[in-house]
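Hello,

Please find the structure for your review here. My notes on it follow below.

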Amino acid sequence: MGTLILAVTTLLLYSIGTALQALGFRGRIEINRHVVAVIGALGLVAHGLLLWQTLFVDGALNLGFFQSSLLISWLVVAILLVMNHAKPVASLFLGAYPLAGLTVVFALLTHTPPRFIQRDDWGILSHIALSVTAYSLFTLAAGQALLLYFQNRQLKHNYNSPLVRNLPPLQTMESLLFELLWAGVILLVLAIVTGAVFVSDLFAQDLAHKTVFSLISLAVFASLLIGRQTQGWRGITASRWTLAGCILLMLAYYGSKFVLELVFHRAG
């Protein structure tokens with residue numbers, strides 16, 4: 001199937017999914033979870049086929065800036081669809097679908113220097129797989145932290161707002177946030193370890209920025225988890241620490257790739 005057809009199909013399905021979630025959130029329609037799940041799954045399949053055509057070039061894996069973004073957004077939607085069967089995370093689709101749609105548009109319309117990874121380089125591939133999965137989990141954690149932050153504020157000022165009516169109880173929201181954080185921290189630690197083992201020089205000039213910011217973000221997340229256990233950090237405090245860590249992690253990955261690939265036109 002053509003790349004353009006796959007892109008349009010993906011955007012259409014994600015747009016329908018976003019519209020249904022938004023209408024349900026506003027109380028305009030009654031959401032059928034099965035219908036929403038099918039639409040999301042079909043969008044994920046189209047997204048995956050587009051990803052396959054975009055990533056695999058001449059027997060190698062192209063992980064340039066926008067191709068990596070397309071992969072991470074696919075993982076975000078995939079993780080969310082799986083979680084939605086057991087956890088009340090439907091509100092996160094309101095951010096995940098548009099985000100995925102934007103990565104599809106940018107991957108289709110922009111061109112950056114390719115970064116090829118050979119398929120038989122299993123050490124580097126394992127490091128990349130752990131890294132992008134960790135980034136995907138922290139992307140969801142950032143979305144959950146934003147919802148938790150605004151939910152806390154609305155509970156103090158407007159108890160009957162649509163946000164308060166539609167979101168799960170505060171305790172459930174906090175539990176979901178910390179589940180995402182624990183999973184993300186574990187994978188981030190494994191990504192850093194595999195990077196140290198399989199990357200020849202983790203502090204090389206092009207990787208120093210990424211490594212330092214990843215370690216700082218890990219320290220922020222670890223501090224939050226420790227603070228949760230020892231000081232009972234929750235609510236707005238937990239949201240702020242989560243967002244701070246996610247911003248640092250975004251600078252670690254996207255910041256370095258943006259400068260190298262879009263500014264200096266080098267593989268990053």
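**Surface, sheet and rings**

Leucine 108 is partly exposed, with a relative accessible area of 32%; buried means under 20%, exposed over 50%, and partly exposed in between, using a 1.4 Å probe and protein chains only. This is a predicted model, in which local features need pLDDT of at least 70 and side-chain atom pairs count only at pLDDT 80 or more, while totals for chains, interfaces and linings use all residues. Residues are numbered from 1 along each chain as its sequence is written, and side-chain values use heavy atoms, with hydrogens and water left out.

Leucine 108 lies in helix 4; helices (H or I, at least four residues) and strands (E, at least two) are DSSP runs, numbered from the N terminus. Together with Leu4, Val8, Val105 and Leu109, Leu108 forms a nonpolar patch on the surface, and the accessible area of these residues together is about 450 Å². Such areas come from the Shrake-Rupley method with a 1.4 Å probe, and for residues only the protein chains shown count as cover. Patches take residues with over 30% relative accessible area and no salt bridge, joining like charges within 9 Å and nonpolar side chains (Val, Leu, Ile, Met, Phe, Trp, Tyr) within 5 Å. A salt bridge is a side-chain nitrogen of Lys or Arg within 4 Å of a carboxyl oxygen of Asp or Glu. Helix 4 gives the most to the patch, with 3 residues.

The model also has an open sheet of 3 strands in the order 1-2-3, with antiparallel pairing. Strand 1 (56–57) and strand 3 (116–118) are at the edges with a single partner strand each, so one side of each has no neighbour in the sheet. Two strands pair if DSSP finds at least two bridges between them, and 2 bridges join strand 1 to strand 2 (residues 60–62). Phenylalanine 56 has leucine 61 in strand 2 as its bridge partner.

On aromatic rings, a search of the whole structure finds 7 pairs. Rings of Phe, Tyr and Trp (its six-membered ring) pair if their centres lie within 6.5 Å; planes under 30 degrees apart count as stacked, over 60 as edge-to-face and the rest as tilted. Tryptophan 52 and phenylalanine 56 form a tilted pair, 4.3 Å centre to centre with 45° between the planes. Tryptophan 52 is exposed at 53% relative accessibility, whereas phenylalanine 56 is partly exposed at 26%.

Regards
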